[in-house]
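Hi everyone, thanks for coming. Let me put today's protein up on the screen, and then I'll walk you through it.

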Amino acid sequence: MQSSRSRSHRSSLLFLTIAVMTLAAGSIPAASVRAQGTSVPTPESVLGYRVGADRKLADWPQIVGYFGKLAAASPAVSIQTLGKTTMGKPLIAAIISTPENVKRREEIFRAQRELADPRILKSAKEAALYAHQPAVLVIQCNIHSDEIASSQMAMELAYRLATNDTLQAELKNAVVILIPSVNPDGEQMIVDWYRAQLGTKWEGGDMPWIYNKYTGHDDNRDWFMMTQVETKLVTHALYEEWLPEIFYDVHQMGAEGARLFVPPFLDPVDPNIDPLIVRGIGLIGAEMSSALESRGKTGVVDHAVYDMWWHGGARSTPARHNMMGLLTEAASVKIATPIVQVDSELTGHERGLPKYERTVDFPNPWKAGRWTLRDIVDYELIASEALVHLASSERERYVRDFVTLGRRQIAMGLSDSVKAWEIPFKQRDGSAAVAMMEVLELGGIEMVNTDSSRIVPMAQPFRAHAKDLLEVQHYPKRLLYPGGPPEQPYDVTGWTLPLQMGVRVTPLSAMPALSTTPDIRVGGTVAKSNVDARITKDYSLIARSIADLKKVTITSGANHYTLTRLPRIAIYRPWTGNMDEGWCRWVLEQFNLPYVSLTDSVAKAGKLRDHFDVLLVPDMSLREMRDGNSPADFPPQYAGGLGTAGIEAIREFVTNGGTLVLLDHASELATESLGVPVKRIVVPRRLTDETRSRAPDAGESTEPLYAPGSILRVLVDTTNAIAFGMPDTAAVYFTNSVTFDVVAASQVRVIARYPERGEDILLSGYLQGASQIAGKAAAISAPVGRGHVVMFGFRPQHRGQSYGTFRMLFNALLTGGGSATRN
């Protein structure tokens, strides 16, 4: 079996080559900088102010411009353009090392690809690389665009790495790949909004839209699914081009406690992460915290808040690729506006740091006072330079460990009871199967064919990534203290791709006989139709062209409906920066399903039925819909919500024959304002110690309902048009979602419900209080006047991952407002 990293290398990356390195003035001590004849520009000399200055931010053209000037003046820097962002901006990375290393960067990266796959590493080459190969580390900044400091810090870090004698000496043994912002679109949005509000009472406040065209904060939830352009570009570079030993993601957090979080992380640790990676991440965090302490920086905490369970974050996925994946989180300011805090505001965090006080993991708390953007920059600079120092001084260890980790994964793949996973070509939904294969391949996973299936062998270097995506997660139940209530998981607990995507897979105890047909790379040069032709599409999810839509017939057994015209779809878009709204737009666009965005002012004008057949409302509370943003926090044009007039306009839309589709918490609109006779079972936003341990009400579970991101089983009524094409048992993604208790005599129809026994509900992840939703409805429809309301108690398009329930959403949209006839 041939490794993907042994194939001929395809480079689509753009390089800007550079010139001479020299002395810079500014905040760097002259004694530590090489004096040369030509000046290397400092960030301050280009921007006109010091990086991190109060109320000063560089936008994306300024950042790209500075890196271009730096590269043009220093042979220690090369700029690599990974591609264009969603909105057409350049996504760049700066390769920084000694001039000699930068000049031979392709040779270094080629060697990294060999180190990543020990099967192709010759013993003589291995010994030579142990002796001389520099460690490669990626420092990624500003994935969350309102966490703006790192995008600014990156300029000063690049300058220091290129000009500081001590750092240049360390870079003989290390290559830094610095990504100033992995979300340039959002960086520009934040800077533009901040500048526009300077001097007003809204200075430093939130934007009224998400800081990415589709995902907002969820751009750091996309790293195994890779739905977004930026994620794909960086993923390709990580696992096909650079293959670094270390990946460092620079973040910010709330300001209620510590000034900076560094690893080690809290438990639990995902069982597929090698212990060597866990130890290595802890070592890096210790180096960072020690460096910060020696520089007099207080308020550094570890073993708090963040764990190593979930797979989908930028630092989490590299840890399944034999890389030390870590993050830091700095206390935030109001974008670039300083804050002043008093003792009472420093409350800490209940997870790992219940009180803001001195502990073994928090030995030197920050004293209340003024906190600025420059403070964040200083902490991030020290942490980044400490990482470079450690990578340089322990160069050989990192290179050896990278090979060791790959060998361990291959050996475990050979010795484990599951030797491979089979993805049969014949699937209920062929498009979902192809999409899952593409996800695996983009993540660097090797696959081969039999005559009837795609095979994912476990004996490969990135085994942990494949295994973690294909198998079921079992999140451990952890107590806050012995005999106490359960600790809430920090984030998502289950993500099993075959369950989410509705793809049938089988674990194999032995490798099967392979096909003699040449290997097919789904996303490669071989035509995708070659794979599609070998998959039986029992259910056509939706045609890719609008013309075909006019003739689509969707079938489920003896039942079917025919699309008679294209429905006029609107998606409600509030000014609250709603991420689920962005995901709704993204999913519909992937399937060429046209829509328009409905804003508050248009809704309040009424007569919606004249213009639309279907109104889709993403996951949000009724309060968010009705009240929107507070006028104290936003300019007038972005304050308020639908109000009474908008809610009444939606009621008229439905009663006049429109179809209202409500996702998750948006179902509150139907029960509170439209009179749909169901009781909603809602998970509390945050469970306190009191609610965790209170005595149960009659008939209630001893534990409150809680599942922050898990895959649950539902039983589906496949005779319902909304469920056409679905299996009778399906998986839904539950993120502390809503469940419906339906009155038996009502006209409400149950589309899907949870099993009667609580123990049969959880498929992957964590579920507390299962008995509260056992036998209850997960999706329903109800008549309102001449129209209908469809209520999903979950998000059927969750983060672009849940292909298995996409069809339920599309059925609801396509049958809405009289656009389809049932036969």
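**A first tour of the model**

The chain averages a pLDDT of 89, and 87% of the residues score at least 70; pLDDT is the predictor's confidence in each residue, from 0 to 100. This is a predicted model, where local features need pLDDT of at least 70, side-chain atom pairs count only at pLDDT 80 or more, and totals for chains, interfaces and linings use all residues. Residues are numbered from 1 along each chain as its sequence is written, and side-chain values use heavy atoms, with hydrogens and water left out.

Please be careful with residues 1-37, where the pLDDT is below 50. Residues 520-547 also stay under 50.

Now to the inside. The largest nonpolar core has 122 residues, and Trp242, Val456, Val661, Tyr754, Phe792 and Leu813 have the most contacts inside it. By nonpolar core I mean a set of buried Ala, Val, Leu, Ile, Met, Phe, Trp, Tyr and Cys residues joined through side-chain atoms within 4.5 Å. Buried is under 20% relative accessible area, exposed is over 50%, and partly exposed is in between, using a 1.4 Å probe and protein chains only. Helix α25 (residues 803-814) gives this core its largest share, eight residues. Helices (H or I, at least four residues) and strands (E, at least two) are DSSP runs, numbered from the N terminus. Apart from that core lies another, of 99 residues, including Ala174 and Tyr638.

Take Val661 as an example. Beyond four places in sequence, its contacts (heavy atoms within 4.5 Å) include Val614, Val790, Phe792 and Leu813.

Next, helix α22, which runs over residues 643-655. Which of its residues are buried? They are Gly646, Ile647, Ala649, Ile650, Phe653 and Val654. These cover an arc of only 155° around the axis, so they sit on the same side of α22; the arc is that of the directions from the helix axis to the C-beta atoms. In general, an α-helix has 3.6 residues a turn, so residues three or four places apart point the same way.

Finally, some backbone details. Most residues other than glycine have a negative phi, and most peptide bonds are trans. Here, the bond from Pro263 to Pro264 is cis, with omega near 10°, and another cis bond joins Asp267 and Pro268, with omega about 5°. Pro268 is in strand β8. Asn322 has a positive phi of about 70° and is buried, at 4% relative accessible area. Lys607 also has a positive phi, near 55°, but is exposed at 61%.

Key. The expected span of a helix is 1.5 Å times one less than its number of residues.
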